Amino acid sequence: MVEVPRVTVGVLVGNDKDEFLFVKSHKWHDRYIIPGGHVEFGETLEETVRREVLEETGLLVQDVRFVECVEVINSEEFYKPDKHFVGHNFICRMVGGTLQLNDEAEESVWCSLRDALKLNLVSVTRHTVDLLLHERDAIERPSTDR
C-alpha cells in the first residue's frame, strides 16, 4: 500500500475571556495539543473544524479563521512516527456546548496564549501559538514610523 500525506485541521478554540483550549493527548505522548483531526472526503476545511471540535470537545464554534499550514512528517512526538500530516490550523470562538472530552484526550486547560507557552506543547501547536502572539504584539505595539 502506498502511503500518502493526510490532510488535517488543528483548532485553537477561544472563549469570551480570551483563553484558549488545550488538551493533553496520549497520541502525542501526553503533550498538549489543540483539538483537530482528519478531513473527510467531500468535507471542507471549515466543516472539518466544526465537526472535529464538536466530536472531541462537545463545543460549538463560529468565526473560524485560518492561521497557518503546518507539516508533521515522521515525528517522534506522535505515537505512530511513520505518518505525514499536512495540517491547516485555525482559530475560532466557542459559542455553545458543554466541554466534554472524548477518549483522545485525558485533560484540558483553558489559558491565554502567553500562558500556553508554559505547557508541554507539541512543536506544531507551539509554532501556531508563537505566530498568533507575534501577530497580536505587532497589532498592539504603537507604530514608530510616524
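Q: Is E77 buried or exposed?
A: Buried means under 20% relative accessible area. In this predicted model, E77 has a relative accessible area of 15%, so E77 is buried.

Q: Which side chain does E77 meet in a salt bridge?
A: The partner is R31, with N and O 2.5 Å apart. R31 has a relative accessibility of 21%, so R31 counts as partly exposed.

Q: Where in the chain do R31 and E77 lie?
A: R31 is in strand β3, while E77 is in the loop between β5 and β6.

Q: How many salt bridges does the structure hold?
A: There are 12 salt bridges. One of them joins the side chains of E104 and K27, at 3.8 Å from N to O. This pair links distant parts of the chain, 77 residues apart: E104 is in the loop between β6 and β7, and K27 is in the loop between β2 and β3. Both ends are partly exposed, E104 at 26% relative accessibility and K27 at 24%.

Q: Which residues are linked in a network of salt bridges?
A: The network is made of E40, E43, R51, E52 and E55. Within it, E43 pairs with R51, the closest N and O atoms being 2.7 Å apart. E43 and R51 are both buried.

Q: How does the length of helix α1 compare with what its residue count predicts?
A: Helix α1 covers residues 45-57, which is 13 residues. At 1.5 Å a residue the helix should span 18 Å, and its end C-alpha atoms are 18 Å apart, so the two agree. After α1 comes G58, with a positive phi near 80 degrees.

Q: Which residues of α1 are buried, and what covers them?
A: The buried residues of α1 are T48, V49, R51, E52, V53, E56 and T57. Their cover includes strands β1, β2, β4, β5 and β6. Take V53 as a case: leaving aside residues up to four places away in sequence, V53 touches V11, V13, G58, L59 and V61.

Q: What is the general idea behind a nonpolar core, and which residues of the largest one touch the most other members?
A: In soluble globular proteins, nonpolar side chains tend to be buried together. The largest nonpolar core here has 21 residues, and V11, V13, W28, V49, V53, V61 and C92 touch the most other members. Two or more residues come from each of β1, β2, α1, β5 and β6. β5 gives the most, with 5 residues. Another core, of 15 residues, lies apart from this one; V67, A116, L121 and V129 are among its members.

Q: Where is H88, and is it buried or exposed?
A: H88 is in strand β6. Its relative accessible area is 16%, so H88 is buried. Beyond residues up to four places away in sequence, H88 touches V7, T8, V9, G10, L45, F66, E68 and C69.

Q: What is the order of elements in the protein chain?
A: The chain has 3 helices and 7 strands. From the N terminus the order is β-β-β-β-α-β-β-β-α-α. The radius of gyration is 15 Å, close to the 15 Å that the globule rule gives for 146 residues, so the chain is as compact as a globular protein of that length.

Q: How many of the 146 residues count as buried, as a percentage?
A: The share is 40%. The accessible surface of the chain is about 8500 Å², and 52% of that belongs to carbon and sulfur atoms.

Terms used: Residues are numbered from 1 along each chain as its sequence is written. This is a predicted model: local features need pLDDT of at least 70, side-chain atom pairs count only at pLDDT 80 or more; totals for chains, interfaces and linings use all residues. Side-chain values use heavy atoms; hydrogens and water are left out. Helices (H or I, at least four residues) and strands (E, at least two) are DSSP runs, numbered from the N terminus. The expected span of a helix is 1.5 Å times one less than its number of residues. Buried means under 20% relative accessible area, exposed over 50%, partly exposed in between (1.4 Å probe, protein chains only). Contact means heavy atoms within 4.5 Å. A nonpolar core is a set of buried Ala, Val, Leu, Ile, Met, Phe, Trp, Tyr and Cys residues joined through side-chain atoms within 4.5 Å. The radius of gyration is taken over C-alpha atoms; the globule rule is 2.2 Å times the number of residues to the power 0.38. Accessible areas come from the Shrake-Rupley method with a 1.4 Å probe; for residues, only the protein chains shown count as cover. A salt bridge is a side-chain nitrogen of Lys or Arg within 4 Å of a carboxyl oxygen of Asp or Glu.
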